[in-house]
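Good morning, everyone. Please look at the sequence and the model on the screen, and I will walk you through them.

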Amino acid sequence: MRFDWDAGNVAHIARHRVAPDEVEQVFRNETIDLNYEMVDAEERWTSVGHTLTLKILVAVWTMREGAIRTVTAFEAGKPLATEYMKKRVE
């Protein structure tokens, strides 16, 4: 699994108090897809998942040249985090 990071997307997620390694953990822990849409002719997915410390994150991402490119990532709100955890234990 490859990730596409640059100063722009790293700075953007940092404003949400999220680090690149946390986003990578979310993908390695099997995300649940929430949404798919086309934005400026680019496919974008919204997924939810957890880090190794059980921080529940929402990630908006796309694929570019075979790598996952994070558009944004932020901590899930309590209702979504609770729903996510229920689905994970089912």
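Accessible areas here come from the Shrake-Rupley method with a 1.4 Å probe, and for residues only the protein chains shown count as cover. On that basis, the protein chain exposes about 5,500 Å². Carbon and sulfur atoms supply 52% of that area.

Some ground rules. This is a predicted model, in which local features need pLDDT of at least 70, side-chain atom pairs count only at pLDDT 80 or more, and totals for chains, interfaces and linings use all residues. Residues are numbered from 1 along each chain as its sequence is written, and side-chain values use heavy atoms, with hydrogens and water left out.

Now the overall shape. The C-alpha atoms of the protein chain fill a box of roughly 35 × 25 × 20 Å, taken along the principal axes. The radius of gyration is taken over C-alpha atoms, and the globule rule is 2.2 Å times the number of residues to the power 0.38. For 90 residues, a compact globule would come out near 12 Å; the protein chain has 13 Å, which agrees.

How much of the chain is buried? Of its 90 residues, 40% count as buried. Buried means under 20% relative accessible area, exposed means over 50%, and partly exposed is in between, with a 1.4 Å probe and protein chains only.

Contacts next. A contact means heavy atoms within 4.5 Å. Take contacts between residues at least 6 apart in sequence: 45% of them join residues at least 24 apart.

And charges. Lys and Arg count as positive, Asp and Glu as negative; His and the chain ends are not counted. The place of a charge is NZ of Lys, CZ of Arg, CG of Asp or CD of Glu. There are 12 positive and 15 negative charges, and their mean positions are 5 Å apart.

On to the elements. The protein chain has 3 helices and 5 strands. Helices (H or I, at least four residues) and strands (E, at least two) are DSSP runs, numbered from the N terminus. From that end, the order is β-α-α-β-β-β-β-α.

How are the strands arranged? They form an open sheet of 5 strands, ordered E1-E5-E4-E3-E2, with mixed pairing. The edges are strand E1 (3-4) and strand E2 (32-39), each pairing on one side only. Two strands pair if DSSP finds at least two bridges between them. Strands of a sheet pair through backbone hydrogen bonds, either parallel or antiparallel.

E1 and strand E5 (residues 67-75) run parallel, joined by 2 bridges. Phe3 stands opposite Ile68 in E5.

Is Glu65 buried or exposed? Glu65 counts as exposed, because its relative accessibility is 80%.

E2 and E3 are antiparallel, over 7 bridges.

Ser47 has Ala59 in E4 as its bridge partner. This hairpin has 5 residues between its strands, and Leu54 in the turn has a positive phi of about 65°.

Stay with E3. It is mostly covered: 7 of its 9 residues are buried. Arg44 lies in this strand. Leaving aside neighbours within four places in sequence, the contacts of Arg44 include Asn35, Val60, Trp61 and Val71.

Last stop, helix H2 (residues 20-28). Its buried residues are Glu22, Val23, Glu24, Gln25, Val26 and Phe27. What covers them includes E1, helix H1 (7-14), strand E3 (42-50), E4 and E5. Why does Gln25 count as buried? Because its relative accessible area is 17%. Beyond its neighbours within four places in sequence, Gln25 is in contact with His50, Thr51 and Leu52. After H2 comes Glu30, with a positive phi near 65°. Glu30 and Arg44 are 14 residues apart in sequence, and their C-alpha atoms are 17 Å apart in space.
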